[in-house]
Amino acid sequence: MFLATALAILVTLALALTRAFLGPTIHDRILAVNVVGTKTVLMIAVVGFITGRPEFIDIAIVYALLNYIGIIAVLRVFEDASLAAEPTNGGEEESP
Amino acid sequence: MIDIVLLTFLVVVGVAIVRVRNLLAVTMLTGIYSLLVAILFVLLDAVDVALTEAAVGAGLLVILMLATIALTTRKEKVHAARQNAVAFVVVSVTGAALIYATLDMPPFGDPEAPAHVHLSPRFTQDSPEEIGIPNMVTSVLASYRGIDTLGEAVVIFAAAVGVLLVLGTGTVRRRRRSEDDGEEAREQP
């Protein structure tokens with residue numbers, strides 16, 4: 001039962017990875033990172049049950065929080081820095 | 001079995017990181033790599049290391065790399081690859097030597113390994129009385145290896161200060177430039 005779940009998670013991991021490799025736009029790849037993070041959370045929880053230590057759920061929850069904050073931070077940086085920097089590309093010589 | 005699949009994923013992601021030329025995509029792949037490594041660490045029972053890996057590798061590192069890309073350029077410059085036979089031989093020999101060295105290591109989880117014969121009992125049995133901290137990892141890090149940990153903290157602090165000094169903040173730089181302009185303007189008349 002748990003093994004089947006772990007297998008399913010691995011398959012979805014593989015799908016997310018192919019999206020990350022192929023992904024034409026950067027948004028596909030950010031989404032792929034997010035999906036991989038979610039699969040990490042699920043994987044840790046399932047592994048905890050497979051090895052008979054359900055305490056791993058706590059760690060999985062911490063991972064979920066980290067994942068959420070991380071993606072928000074990445075999106076903020078992406079929005080502020082790289083997208084905003086694009087129109088001012090001609091002004092590169094400004095930097096000392 | 002999960003290990004093998006995850007290690008295969010790691011190899012695939014690593015090759016992709018080397019091959020892909022779009023640096024934003026490479027940054028995202030690095031984040032994925034860190035998350036996969038974190039799963040492997042959890043499978044190896046190193047939960048604290050896994051948490052650090054996920055927070056630093058998938059969170060902080062990705063943000064630092066995105067900031068760097070924002071300051072520089074998005075595309076990797078392709079240099080004509082020169083075949084360097086000497087470098088290839090050196091890398092192969094070093095890799096073979098490292099793999100040969102791992103043959104001397106005790107197998108994973110071996111109770112007869114030297115670390116489990118005298119080090120682990122010493123710390124697990126004596127550290128609660130000697131130090132009085134219930135968590136033994138903490139007592140080793142903060143007390144037995146306290147000076148080492150202090151050194152690490154100093155190194156990380158110095159690195160952080162250095163990075164902040166190099167990067168600076170846009171506001172400070174802009175303010176300084178406008179001050180310079182103001183001085184020049186004042187000197188001219």
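## A kinked helix

In chain B, helix H5(B) has a kink of about 40° at B:Ser120, shortly before the proline B:Pro121. Keep in mind that you're looking at a predicted model.

Even so, take a look at how far H5(B) stretches. The helix runs through residues 114–130, which makes 17 residues. From its first C-alpha to its last it reaches 22 Å, close to the 24 Å expected at 1.5 Å a residue.

Now zoom out. Chain B has 8 helices and 0 strands, and reading along its sequence gives you α-α-α-α-α-α-α-α.

Chain B has 189 residues, and 14% of them count as buried. If you take the contacts in chain B between residues at least 6 apart in sequence, 44% join residues at least 24 apart.

## Where chain B meets chain A

Chain B also has a neighbour: 29 of its residues are in contact with 29 residues of chain A. On chain B's side, the elements giving two or more residues are helix H1 (2–19), helix H2 (23–43) and helix H3 (47–71). Which of them gives the most? That's H3(B), with 12 residues.

And what kinds of residues does chain B bring to this side? By class, there are 27 nonpolar and 2 polar residues, with no charged ones.

Terms used. Residues are numbered from 1 along each chain as its sequence is written. Chains are lettered from A and ligands numbered from 1 in the order in which they are written. This is a predicted model: local features need pLDDT of at least 70, side-chain atom pairs count only at pLDDT 80 or more; totals for chains, interfaces and linings use all residues. Two residues are in contact if their C-beta atoms, placed from the backbone, lie within 7 Å. Helices (H or I, at least four residues) and strands (E, at least two) are DSSP runs, numbered from the N terminus. Ala, Val, Leu, Ile, Met, Phe, Trp, Tyr, Cys and Pro count as nonpolar, Asp, Glu, Lys and Arg as charged, and the others, Gly among them, as polar. The expected span of a helix is 1.5 Å times one less than its number of residues. The bend at a residue is the angle between axes fitted to the seven residues ending there and the seven starting there. A residue is buried if 20 or more other C-beta atoms lie within 10 Å of its own, exposed if 12 or fewer, and partly exposed in between; C-beta atoms are placed from the backbone.
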